[in-house]
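Here are a few exercises to work through with the model open beside you. Have a go at each task before you read its solution.

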Amino acid sequence: MSAPRHIVVMGVTATGKTTVGRALASALGGVFVEGDAFHPAANIEKMSAGIPLDDDDRRPWLRSLADEIARLDAAGEISVTACSALRRVYRDWLREGHPGLFFVHLDSTFEVLIDRMRRRTHFMPPSLLQSQLDTLEPLEPDEAGVVVDDTPPADVVIATSLAAVRAG
């Protein structure tokens with residue numbers, strides 16, 4: 001099986017989606033898409049205030065990401081998108097941009113994630129971590145993807161993720 005052309009690095013906040021996504025895009029000769037950059041200002045304001053997004057907030061954001069994946073696919077590009085993609089329906093909405101998306105689910109412990117969140121500057125406050133963990137639906141057997149343990153050092157997580165993507 002050949003490596004997928006469009007990958008979504010998914011998981012709750014502070015799993016390192018951007019770090020891993022940038023590294024995968026570089027290794028694969030692809031374009032990195034930062035999902036957070038596609039959030040409308042209202043979503044950023046809501047999360048900054050400690051209010052979780054609901055499906056009505058997420059749908060237009062995920063539609064714009066699906067459109068970007070479709071645009072990159074039409075241009076013949078490889079893409080790696082960093083996006084939480086917490087629920088199956090959100091991943092289905094992303095697949096509207098390309099049905100063959102491959103998901104790399106970065107999985108970590110609450111303790112590791114809350115520590116990372118407390119050490120970084122980001123619009124997502126630590127108070128929203130539990131709501132994201134509560135919302136998270138693991139990849140289902142019919143979804144192309146892999147779960148990667150995100151507790152080792154970043155270089156190990158990147159190498160493991162890249163090997164999984166290349167294995168398809």
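**Exercise 1.** In which hand does helix 1 pass helix 7?

*Solution.* Some ground rules to begin with: this is a predicted model, where local features need pLDDT of at least 70 and side-chain atom pairs pLDDT 80 or more, while totals for chains, interfaces and linings use all residues. Residues are numbered from 1 along each chain as its sequence is written, and side-chain values use heavy atoms, without hydrogens and water.

Step 1: find the two helices, residues 17–28 for helix 1 and 154–167 for helix 7. Helices are DSSP runs of H or I with at least four residues, strands are E runs of at least two, and both are numbered from the N terminus.

Step 2: the crossing of helix 1 and helix 7 is right-handed (the near helix is turned clockwise from the far one by less than a right angle).

Step 3: their axes come within 10 Å and cross at roughly 50 degrees. Axes are lines fitted to C-alpha atoms, for helices over the stretch in contact, and angles run from 0 to 180 degrees between N-to-C directions. The pair is therefore oblique (under 35 degrees is roughly parallel, over 145 roughly antiparallel, 65 to 115 roughly perpendicular, and the rest oblique).

Step 4: look at who touches whom, with contact meaning heavy atoms within 4.5 Å. Helix 1 brings Thr19, Val20, Ala23, Leu24, Ala27 and Leu28, and helix 7 answers with Ala154, Val157, Ile158, Ser161, Leu162, Val165 and Arg166.

**Exercise 2.** Work out how helix 3 packs on helix 4.

*Solution.* Step 1: helix 3 (residues 55–74) and helix 4 (residues 88–95) have axes 8 Å apart, at an angle of about 30 degrees. That's why they count as roughly parallel to each other.

Step 1: this crossing is right-handed.

Step 2: Asp55, Arg58, Arg59, Leu62, Leu65 and Ala66 of helix 3 make the contact with Tyr90, Trp93 and Leu94 of helix 4.

**Exercise 3.** What is the strand order of the open sheet?

*Solution.* Step 1: its five strands run 2-3-1-4-5, with parallel pairing (two strands pair if DSSP finds at least two bridges between them).

Step 1: strand 2 (31–34) and strand 5 (145–149) each have a single partner, so one side of each lacks a neighbour in the sheet.

Step 2: zoom in on strand 1 (residues 6–10) and strand 3 (residues 79–82), joined by four bridges. His6 has Ser79 as its bridge partner in strand 3.
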